Amino acid sequence: MDKTIKKIEDMSLNAWPSHKMELYDGWILRFSYFYTHRTNSVEQFGTSTLSWREKVSYCENEYLRLGSPAIFKISPLVSPDFDYLLENRGYEIQHTTNVMTMELTDARLDYPYPQVNFTDDIPDVWIESLFDLKGTVNPIHRAVVPSMYHAIVKDTICASIWDNGKIVATGLGILDRDYIGIYAIHVREDFRHRGYARQICTGLLKEGINKGASKAYLQVVKGNAPAQALYTSLGFQFAYTYWFRVQP
């Protein structure tokens, strides 16, 4: 199982670049003006040679210099003792997330998706529409995040549903090795409960199969019951949980 988790964690790093990144003794420090926890946190990806306490202090100073609290991602690949060390320093848990996976031979993809448009690239209008759907108003985020989407090195499948000349629902598939990762599923509030999210997920998974994917993964914030129910109905199953420890 650890090999699968490591693979998915590596793919999720590929899928979502940060605005700035620094490598430090087997850790990667990601900084994106606090756009999301994932793109603004420390992840462990290699072997450490320095002590945890020395490294945590270094990270705290780096994030302080950049104007952000230090945040550490805690996955099953991280020692529980490290999580305990952060707890003792007053770090609180935020943004607990479940990772779900499936073999695409088990996917339930009989739902039609006639309203979904697909492109291989990620158009600026899609990114701007995603900001609107998420309520992103921070001018720094709106200025720097498009470059993060354009920096994705893997092949992408960009999905959207339009109404009256505007995008009202989005989704993004990112192909890496034998997987498709499902990201950015958002539907405008007044267009929910019409099956748009199901259309987009079904379409992305089918497009992924057409492009050679045999497995899929996604991440859903713990407690988001409607999203989790949708993904379960498509065939996704719980794989593991991660969370973030945030500096007080």
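Colleague: Why is Arg198 called partly exposed?

Modeller: In this predicted model, Arg198 has a relative accessible area of 26%. A residue under 20% is buried and one over 50% is exposed, with partly exposed in between. The value for Arg198 falls in between, so the residue is called partly exposed.

Colleague: Where does Arg198 lie, and which residues is Arg198 in contact with, leaving aside its neighbours within four places in sequence?

Modeller: Arg198 belongs to helix H6, which covers residues 196–210. Once those sequence neighbours are set aside, its contacts are Tyr111, Leu230, Ser233 and Leu234. Ser12 lies 186 residues away from Arg198 in sequence, and the two C-alpha atoms are 22 Å apart in space.

Colleague: What makes Cys201 count as buried?

Modeller: Cys201, also found in helix H6, has a relative accessibility of 2%. Beyond four places in sequence, Cys201 is in contact with Ile182, Ile185, Leu230, Tyr231 and Leu234. Its C-alpha atom is separated by 26 Å from that of Gln94, 107 residues away along the chain.

Colleague: How do you know that the protein chain is as compact as a globular protein of its length?

Modeller: The chain has seven helices and eleven strands. Its radius of gyration is 18 Å, and the globule rule gives 18 Å for 248 residues; the two values are close, so the chain is as compact as a globular protein of that length. Along the principal axes, the C-alpha trace spans about 55 × 40 × 30 Å.

Colleague: What share of the 248 residues is buried, and what share of the contacts with a separation of 6 or more joins residues 24 or more positions apart?

Modeller: Buried residues account for 51% of the chain. Of the contacts with a separation of 6 or more, 70% are between residues 24 or more positions apart. The chain exposes about 11,800 Å², of which carbon and sulfur atoms supply 51%.

Colleague: Why is the pair Glu9 and Lys73 called a salt bridge?

Modeller: Side chains of opposite charge can pair when their charged atoms come close. For Glu9 and Lys73 the distance from N to O is 2.8 Å. The cut-off is within 4 Å, so the pair qualifies as a salt bridge. The pair links distant parts of the chain, with Glu9 in helix H1 (residues 2–15) and Lys73 in strand S4 (residues 71–74), 64 residues apart.

Colleague: Are Glu9 and Lys73 buried or exposed?

Modeller: Glu9 has 7% relative accessibility and counts as buried. Lys73, at 4%, counts as buried too. These residues also belong to a network of salt bridges that links Glu9, Arg30, Glu43 and Lys73. A search of the whole structure finds 17 salt bridges.

Colleague: How do you know that Arg245 forms a salt bridge with Glu87?

Modeller: The closest N and O atoms of Arg245 and Glu87 are 3.9 Å apart, and the cut-off is within 4 Å, so the pair is a salt bridge. Arg245 lies in strand S11 and Glu87 in helix H3, so the pair ties together parts that are 158 residues apart in sequence. Glu87 has a relative accessible area of 43% and is partly exposed.

Colleague: At what distance do the side chains of Asp83 and Arg245 meet?

Modeller: Asp83 and Arg245 meet in a salt bridge at 2.7 Å, N to O. Here too distant parts are linked: Asp83 is in helix H3 (residues 80–88), Arg245 is in strand S11 (residues 237–246), and they are 162 residues apart. Asp83 counts as buried at 11% relative accessibility, and Arg245 counts as buried at 6%.

Colleague: What makes the positive phi of His95 worth a remark?

Modeller: Most residues other than glycine have a negative phi. His95 is not a glycine, yet its phi is about 55°. His95 lies in strand S5 (residues 92–103) and is partly exposed, with a relative accessible area of 38%.

Colleague: Why does His193 count as exposed?

Modeller: His193 has 85% relative accessibility, and exposed means over 50%, so His193 counts as exposed. His193 sits in the loop between strand S9 (179–187) and H6. Although not a glycine, His193 has a positive phi of about 65°.

Conventions:
Residues are numbered from 1 along each chain as its sequence is written. This is a predicted model: local features need pLDDT of at least 70, side-chain atom pairs count only at pLDDT 80 or more; totals for chains, interfaces and linings use all residues. Side-chain values use heavy atoms; hydrogens and water are left out. Helices (H or I, at least four residues) and strands (E, at least two) are DSSP runs, numbered from the N terminus. The radius of gyration is taken over C-alpha atoms; the globule rule is 2.2 Å times the number of residues to the power 0.38. Buried means under 20% relative accessible area, exposed over 50%, partly exposed in between (1.4 Å probe, protein chains only). Contact means heavy atoms within 4.5 Å. Accessible areas come from the Shrake-Rupley method with a 1.4 Å probe; for residues, only the protein chains shown count as cover.
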